[in-house]
Amino acid sequence: MNKQVFFRKVVDQKLRPPINPKWPAELSALLNDCWHAKLQKRPLCSEVGARLLQMVIEQRYEDAVRADEQFEVAQGPSSRKSKLQMAK
């Protein structure tokens, strides 16, 4: 497909790349917002950055919680008790 054909498909036919259904809903929504046919409806770069940062923060938090849970399972019930004592 040459540039002219590609341009016509995107501009005239509103063609967009497919979004993988396995991707997080927040990412899919951001991509759809960025690809909106009307420029005025697309998010500003600052909003895109803020939304991406929020996704990263949430993912890191979920990863940390999951790692903590795996650690507790591996260490057994006594590790939870010692962690609570250290927190005091």
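**Salt bridges**

A: Arg-8 pairs with Asp-12 in a salt bridge, and their closest N and O atoms are 2.9 Å apart. A salt bridge here means a side-chain nitrogen of Lys or Arg within 4 Å of a carboxyl oxygen of Asp or Glu. This is a predicted model, in which local features need pLDDT of at least 70, side-chain atom pairs count only at pLDDT 80 or more, and totals for chains, interfaces and linings use all residues. Residues are numbered from 1 along each chain as its sequence is written, and side-chain values use heavy atoms, with hydrogens and water left out.

How exposed are the two partners? Arg-8 counts as partly exposed, because its relative accessibility is 37%. Asp-12 is partly exposed too, with a relative accessible area of 45%. The cut-offs are these: buried is under 20% relative accessible area, exposed is over 50%, and partly exposed is in between (1.4 Å probe, protein chains only).

The structure holds four salt bridges. Among them is the pair Arg-51 and Asp-33, whose closest N and O atoms are 3.0 Å apart. Arg-51 lies in helix 3 (residues 45-75) and Asp-33 in helix 2, so this pair ties together parts that are 18 residues apart in sequence. Helices are DSSP runs (H or I, at least four residues), strands are E runs of at least two, and both are numbered from the N terminus.

Arg-51 also bridges to Glu-47, with the closest N and O atoms 3.2 Å apart. Glu-47 and Arg-51 both sit in helix 3, four residues apart, about one turn of the helix. What is the exposure of its members? Arg-51 is partly exposed, at a relative accessible area of 22%. For Asp-33 the value is 30%, so it is partly exposed. Glu-47 is partly exposed as well, at 36%.

Lys-9 is in helix 1 (residues 3-11). With 27% relative accessibility, Lys-9 is partly exposed. Leaving out residues up to four places away in sequence, Lys-9 touches Met-1, Lys-14 and Leu-15. A contact means heavy atoms within 4.5 Å. Met-1 is in the segment before helix 1. Met-1 counts as exposed, because its relative accessibility is 69%. Met-1, Val-5 and Phe-6 make a nonpolar surface patch of about 340 Å². Patches take residues with over 30% relative accessible area and no salt bridge; like charges are joined within 9 Å, and nonpolar side chains (Val, Leu, Ile, Met, Phe, Trp, Tyr) within 5 Å.

Then the whole chain. The protein has four helices and zero strands, in the order α-α-α-α. Of its 88 residues, 9% are buried. Among contacts with a separation of 6 or more, 11% join residues 24 or more positions apart. The accessible surface is about 7,700 Å², and 61% of this belongs to carbon and sulfur atoms. Areas come from the Shrake-Rupley method with a 1.4 Å probe; for residues, only the protein chains shown count as cover.

Last, confidence. Mean pLDDT (the predictor's confidence in each residue, from 0 to 100) is 87, and 86% of residues reach 70 or more. Helix 2 (residues 25-34) has the highest mean, 96, and helix 4 (residues 77-87) the lowest, 58.
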